[in-house]
Amino acid sequence: MITVVRADQAEFDVRQGISETFAEGFTQWLGFFSKDSKKIAAAFAHMFNLDQFYVAVSDRQVIGMAACTNGKSLSVKLDNKELRKHLGFYKGSMAGIFLKKEFEAPFVNPSPGVGSIEFVGTASQFRGQGIASQLIRCIIEQTPYQVYLIEEVADTNIPALKLYTKLGFEEYKRRQIPNKRAKKIGIHHMVSLRYTK
């Protein structure tokens with residue numbers, strides 16, 4: 001049986017499961033820092049603000065995760081010391097510099113009634129089983145927002161875009177990746193989506 005709970009209210013410590021799911025799901029973005037998903041999981045385990053995350057759990061195992069914030073609160077907080085400890089001085093420092101801008105950027109103009117859904121991921125062996133759909137539906141049911149935003153989904157992440165569209169999200173913005181970087185990472189646009197209750 002699968003249950004969805006807020007991470008800080010789970011019956012067991014879910015941080016390790018969240019970090020492993022994060023490492024598996026975001027390797028495309030984090031490959032520069034390490035190709036080893038266990039090292040990535042250890043390096044980033046500290047950053048999750050559990051009161052902002054929801055987890056899908058089965059048999060005391062985290063099988064999916066997603067964060068939901070009000071645009072002011074951060075779902076993650078990086079610690080440069082922890083990053084350097086696991087990734088080495090150079091790559092850990094680089095992770096702290098580059099990812100802080102990406103991960104710790106609240107909304108420019110947060111609005112009452114608007115929530116941000118972030119860091120959606122499913123453990124690899126459970127993908128394609130509706131876990132992410134269940135998580136997002138639960139977040140929409142359990143949080144007070146009228147509008148939900150999902151910022152910056154890669155245009156190449158077709159499964160995620162199909163999932164969000166199926167759940168009723170609509171594209172409202174598309175940001176082009178500069179050509180040189182696009183060729184390097186294989187992503188041409190970042191898509192932003194919105195859902196209104």
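Is Tyr-164 buried or exposed? I looked this up first. Tyr-164 is buried, at 5% relative accessibility. My cut-offs are these: buried is under 20% relative accessible area, exposed is over 50%, and partly exposed lies in between (1.4 Å probe, protein chains only).

**Ground rules**

I note that this is a predicted model, where local features need pLDDT of at least 70, side-chain atom pairs count only at pLDDT 80 or more, and totals for chains, interfaces and linings use all residues. Residues are numbered from 1 along each chain as its sequence is written, and side-chain values use heavy atoms, with hydrogens and water left out.

I placed Tyr-164 in helix H7 (residues 158–166). Helices (H or I, at least four residues) and strands (E, at least two) are DSSP runs, numbered from the N terminus. I then checked Tyr-164 against Ser-133. They are 31 residues apart in sequence and 8.2 Å apart in space, C-alpha to C-alpha.

Ser-133 took me to H6. Among the buried residues of H6 are Ser-133, Leu-135, Ile-136 and Ile-139. Helix H6 (residues 131–142) has 12 residues. From first C-alpha to last, H6 reaches 16 Å, close to the 16 Å expected at 1.5 Å a residue. The expected span is 1.5 Å times one less than the number of residues.

**The sheet**

Next I traced the strands. An open sheet holds 7 strands in the order E1-E2-E3-E4-E5-E7-E6, with mixed pairing. Strand E1 (3–6) and strand E6 (170–176) stand at the edges. Each has a single partner strand, so one side of each is left without a neighbour in the sheet. The twist averages 25° from one strand to the next. For angles, axes are lines fitted to C-alpha atoms, for helices over the stretch in contact, and angles run from 0 to 180 degrees between N-to-C directions.

I count two strands as paired if DSSP finds at least two bridges between them. Strands of a sheet pair through backbone hydrogen bonds, either parallel or antiparallel.

How many bridges join E1 to E2? I found 4, and the two strands run antiparallel. Val-5 stands opposite Val-55 in E2. On to the next pair: E2 and E3 are antiparallel too, over 6 bridges. Here Val-55 stands opposite Met-65 in E3.

I checked how covered E2 is. Of its 6 residues, 6 are buried, so E2 is largely enclosed by the rest of the structure. Phe-53, Val-55 and Val-57 point one way from E2. Tyr-54, Ala-56 and Ser-58 point the other way.

Strand E4 (residues 114–122) and strand E5 (residues 147–154) pair in the parallel sense over 3 bridges. Ser-116 stands opposite Leu-149 in E5.

Most residues other than glycine have a negative phi, and most peptide bonds are trans. I therefore looked up two residues, Asp-59 and Phe-119.

Asp-59 has a positive phi of about 50° although it is not a glycine. Asp-59 lies in the loop between strand E2 (53–58) and strand E3 (61–69). E2 and E3 form a hairpin with 2 residues between them. Asp-59 is exposed, with a relative accessible area of 73%.

Phe-119 also has a positive phi of about 50°. Phe-119 sits in strand E4. Phe-119 is buried, at 13% relative accessible area.

**Salt bridges**

I used this rule: a side-chain nitrogen of Lys or Arg within 4 Å of a carboxyl oxygen of Asp or Glu. The count comes to 5 salt bridges. I wrote down some of them.

- Asp-8 bridges to Arg-6, with the closest N and O atoms 2.7 Å apart. Asp-8 is partly exposed at 37%, and Arg-6 is partly exposed at 27%.
- Glu-82 meets Lys-85 at 4.0 Å, N to O. They are 3 residues apart in helix H4 (residues 80–87), so about one helical turn separates them. Glu-82 is partly exposed at 23%, while Lys-85 is exposed at 60%.
- Glu-171 bridges to Arg-174 at 2.9 Å between the closest N and O atoms.

**A nonpolar patch**

Which residues make the nonpolar surface patch of about 410 Å²? I found Phe-32, Phe-89 and Tyr-90. Patch residues have over 30% relative accessible area and no salt bridge; like charges are joined within 9 Å, and nonpolar side chains (Val, Leu, Ile, Met, Phe, Trp, Tyr) within 5 Å. Areas come from the Shrake-Rupley method with a 1.4 Å probe, and for residues only the protein chains shown count as cover. Phe-89 is found in helix H5 (residues 89–103). Phe-89 is exposed, at 63% relative accessible area.
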